[in-house]
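The following paragraphs lead the reader through a single structure, from its overall fold to a few individual side chains. Please keep the sequence and the model in view while reading.

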Amino acid sequence: MLKDYLSPETYKNDFERFDHCYQVIWKCAQSMPYPAFYQTWHQQEKVKDGE
């Protein structure tokens with residue numbers, strides 16, 4: 001998920017990736033209704049069978 005790249009480690013070691021992810025997430029936050037964004041932000045990744 002994109003939000004995984006908003007870590008302090010990514011900020012420090014790969015700021016370009018951090019910034020791109022931040023920009024996409026910020027655009028979504030501005031254009032989506034709050035309940036939809038909240039649900040998306042807090043949605044857990046689906047685990048594939050066998051993992």
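A residue is called buried when its relative accessible area is under 20%, exposed when that area is over 50%, and partly exposed in between. Cysteine 28, with a relative accessible area of 31%, is therefore partly exposed. Cysteine 21 has a relative accessibility of 7% and so counts as buried. A disulfide would require a pair of cysteine sulfur atoms within 2.5 Å, and a search of the whole structure finds zero disulfides. It should be noted that the model is predicted.

With these terms in place, the overall architecture may be considered. The secondary structure of the protein chain consists of three helices and zero strands. Along the sequence, the pattern reads α-α-α.

How much of the protein chain is buried? Of its 51 residues, 10% are buried residues, and cysteine 21, at 7% relative accessibility, counts as buried. The accessible surface of the protein chain amounts to about 4,800 Å². Carbon and sulfur atoms account for 54% of that accessible surface.

Leu2, Tyr5 and Val24 together make a nonpolar surface patch of about 230 Å². Within this group, tyrosine 5 lies in the segment before helix H1, which spans 8-13. Is tyrosine 5 buried, exposed or partly exposed? Its relative accessibility is 33%, and because this value falls between the limits of 20% and 50%, tyrosine 5 counts as partly exposed.

Technical notes. Residues numbered from 1 in each chain as written. Predicted model: local features only at pLDDT ≥ 70, side-chain atom pairs only at ≥ 80, totals over all residues. Heavy atoms only, no water. Helix = DSSP H or I, 4+ residues; strand = E, 2+ residues; numbered from the N terminus. Buried < 20%, exposed > 50% of the residue type's maximum accessible area, 1.4 Å probe, protein only. Areas by Shrake-Rupley, 256 points an atom, 1.4 Å probe, with all protein chains shown as cover. Patch = residues over 30% accessible without salt bridge, like charges linked within 9 Å, V, L, I, M, F, W, Y side chains within 5 Å. Salt bridge = Lys/Arg side-chain N within 4 Å of Asp/Glu carboxyl O.
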